[in-house]
Amino acid sequence: MEGIARQLEEAGNAISARRRLFTGAAALERTWANVRATDVMLLRLCSDEDLRSRSADVLSHVEQHLRPGDPLRVKVGAVAEHMGTKGPLPGDRGLLVLALGASYDALDAEFSRVRSLSIILRIATFFVLLGAGGLAAWGWCCPDSLNMCFLPEGKKFAACPSGEVRLDPKNLPSDYAQRVDVLVIEAAGLAGAALTVIASLRRIQGTSTPYMLPLSAALLKFPTGALTAFVGVLLIRGAFIPGLSDLDSSPQIVAWAAIFGAAQHLVTRFVDARARETLSDVGRPPTDPEPDSLKTPKP
């Protein structure tokens, strides 16, 4: 009983502890881990009648988290079948306790995969945001080295992201660059990325895990959109894309930046797919590997 009281006390401390940024999910997971440990202890101490009524719950939980061919799952199925008529036999309690603990361990492993992917996405978002911020700072300090302006033929002005600048025969092309040009392009890319995030909200579903994995995947789109907008306009500026070597006006540059910002979905959609796959694996038992004898031989 002391072990049960200690587990419940730790669960209460975890749920009532002061929450810091990004630590609420970890505290909730720690709380449920202690509650699950308490449940295993109670199964070991409960009466035979309670054990008999709990056998179906244990079987259901085992079927959710253990492989179909797992020996524990097979044995628990047989125990639950005969326990309804004959009652618990010697060794049944230990088997049920072992199977319930194994299923909870499998659930913890599923949560661990969600947690690790969420942390990876947060770290990736930080570094992508750092790169976008570094480019904006570079463009602010050395605008001539990141010239985003175009010189359309037959025009008397240079088209820059922040506005048109009247041509001066004494100036070099890099002299027309403005400090805020890169920042304007990245802001347009953020706007384009925001549209894809809004469009993807219709596919976001709730999750039983304490980690907001869909939100972490959505946040990655914003700085990625800023980077893809900068790279896209840079490719046009370098005449890498045929037919788009000269943009005629500032609104046209900003519009293309927004389009390239929305195009970040071509990259981040793989992250979205991985996040959905990881979330769908929670509570779904892994399938048994296909036997070698049933595998289709490669031609």
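1. Ground rules. This is a predicted model, so local features are taken at pLDDT of at least 70 and side-chain atom pairs at pLDDT 80 or more, while totals for chains, interfaces and linings use all residues. Residues are numbered from 1 along each chain as its sequence is written, and side-chain values use heavy atoms, with hydrogens and water left out.

2. Confidence. The average pLDDT (the predictor's confidence in each residue, from 0 to 100) is 80 for the protein, and 81% of the residues score at least 70. Over residues 290-295 the pLDDT is below 50, and that stretch has 1 contact in the model beyond near neighbours in sequence; contact here means heavy atoms within 4.5 Å. Confidence is lowest in helix α1 (residues 2-16), with a mean of 58, and highest in helix α8 (residues 250-262), at 92. Helices (H or I, at least four residues) and strands (E, at least two) are DSSP runs, numbered from the N terminus.

3. The disulfide. Searching the whole structure turns up 1 disulfide, the term being used for a pair of cysteine sulfur atoms within 2.5 Å. C149 and C160 are the partners, with S to S at 2.0 Å. The torsion about their S-S bond is about 110°, so the disulfide is right-handed. C149 sits in the loop between α5 and β1 (157-160), and C160 lies in strand β1, 11 residues apart. Buried or exposed? C149 is buried at 3% relative accessibility, and C160 is buried at 0%. The cut-offs are under 20% relative accessible area for buried, over 50% for exposed and partly exposed in between (1.4 Å probe, protein chains only).

4. C141 is in no disulfide, and the nearest cysteine sulfur, that of C142, is 6.0 Å away. C141 is exposed at 57% relative accessible area, whereas C142 is partly exposed at 34%.

5. The hairpin. β1 and strand β2 (residues 163-166) pair in the antiparallel sense over 4 bridges; pairing requires that DSSP finds at least two bridges between the strands. The two strands form a hairpin with 2 residues between them. C160, the cysteine in β1, stands opposite G163 in β2.

6. Helix α9. This helix (residues 265-280) has 16 residues and reaches 21 Å from its first C-alpha to its last, close to the 22 Å expected at 1.5 Å a residue; the expected span is 1.5 Å times one less than the number of residues. T268, D272, A275, T278 and L279 are its buried residues. Exposed residues L266 and F270 are on the face turned away from the buried side. What covers the buried residues includes α5 (92-141) and α7 (213-237).

7. A proline in α7. P223 is found in helix α7 and is buried, at 5% relative accessible area. Leaving aside neighbours within four places in sequence, P223 is in contact with T125, V128, L129, A132 and L190. P223 and T125 are 98 residues apart in sequence but 7.0 Å apart in space, C-alpha to C-alpha.
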